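Subject: Structure for your review

Dear colleague,

Please find below the structure that I am handing over to you. I would be grateful if you could read the notes that follow with the structure open beside them.

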Amino acid sequence: MNLQKMSKGELAEALFMQGCNCSQAVASAFAEEMHMNAADVARLTIGFGGGIGRMREVCGAVSGMVFVISALYADEGRASVYEKIQAVAEKFEAENGSIVCRELLGLDKNGKRVPIPEPRTEQYYKKRPCAQLVHLAADILEEFLKNL
């Protein structure tokens with residue numbers, strides 16, 4: 001796999017397929033831009049997976065975008081960071097209809113919260129759009145950053 005020729009979306013999807021959670025996959029795809037080690041990025045974003053701690057709230061792919069924007073632009077102040085986050089979140093929502101994990105996965109709001117991730121089997125990948133969502137989130141962020 002030639003990492004130099006991959007889009008950020010392709011890289012994020014590959015990281016997800018290698019076992020990273022949604023947030024780790026998106027954020028780690030931008031480790032170089034953040035001047036961070038990918039292992040440190042994965043460690044710092046682990047809790048955002050599964051819609052924040054697998055509570056199925058804000059999609060981890062969106063949280064990964066938030067982490068990257070925060071790391072890159074924190075010195076510009078809150079308003080600037082919030083504006084950037086809202087822009088990428090709105091684009092993600094326009095493409096998917098939501099930024100909420102359970103809504104993206106078609107899960108019941110009153111479903112039981114289980115902290116243990118499902119095994120990554122072929123069946124898992126068939127029923128979850130997560131690989132495509134991390135790909136899209138990283139592509140949205142890559143395009144957004146290019147246009148700043």
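How many helices and how many strands does the protein chain have? The protein chain has eight helices and zero strands. Read from the N terminus on, its elements run α-α-α-α-α-α-α-α. Please bear in mind that this is a predicted model.

I turn next to overall dimensions. Along the principal axes, the C-alpha atoms of the protein chain fill a box of roughly 40 × 35 × 25 Å. For 148 residues, a compact globule would have a radius of gyration near 15 Å, and the 14 Å of the protein chain agrees with this.

Of the 148 residues, 45% count as buried. The protein chain has an accessible surface of about 8,400 Å², and 53% of that surface belongs to carbon and sulfur atoms.

One local feature may also interest you. Phe48, Ile52 and Met55 make a nonpolar surface patch of about 210 Å². Where is Phe48 found? Phe48 lies in the loop between helix H3 (38–45) and helix H4 (60–73). Is Phe48 buried, partly exposed or exposed? Phe48 has a relative accessible area of 32%, and therefore counts as partly exposed, since that class lies between the buried limit of 20% and the exposed limit of 50%.

With kind regards

Note on methods. Residues numbered from 1 in each chain as written. Predicted model: local features only at pLDDT ≥ 70, side-chain atom pairs only at ≥ 80, totals over all residues. Heavy atoms only, no water. Patch = residues over 30% accessible without salt bridge, like charges linked within 9 Å, V, L, I, M, F, W, Y side chains within 5 Å. Areas by Shrake-Rupley, 256 points an atom, 1.4 Å probe, with all protein chains shown as cover. Salt bridge = Lys/Arg side-chain N within 4 Å of Asp/Glu carboxyl O. Helix = DSSP H or I, 4+ residues; strand = E, 2+ residues; numbered from the N terminus. Buried < 20%, exposed > 50% of the residue type's maximum accessible area, 1.4 Å probe, protein only. Rg over C-alpha atoms; globule rule 2.2 N^0.38 Å.
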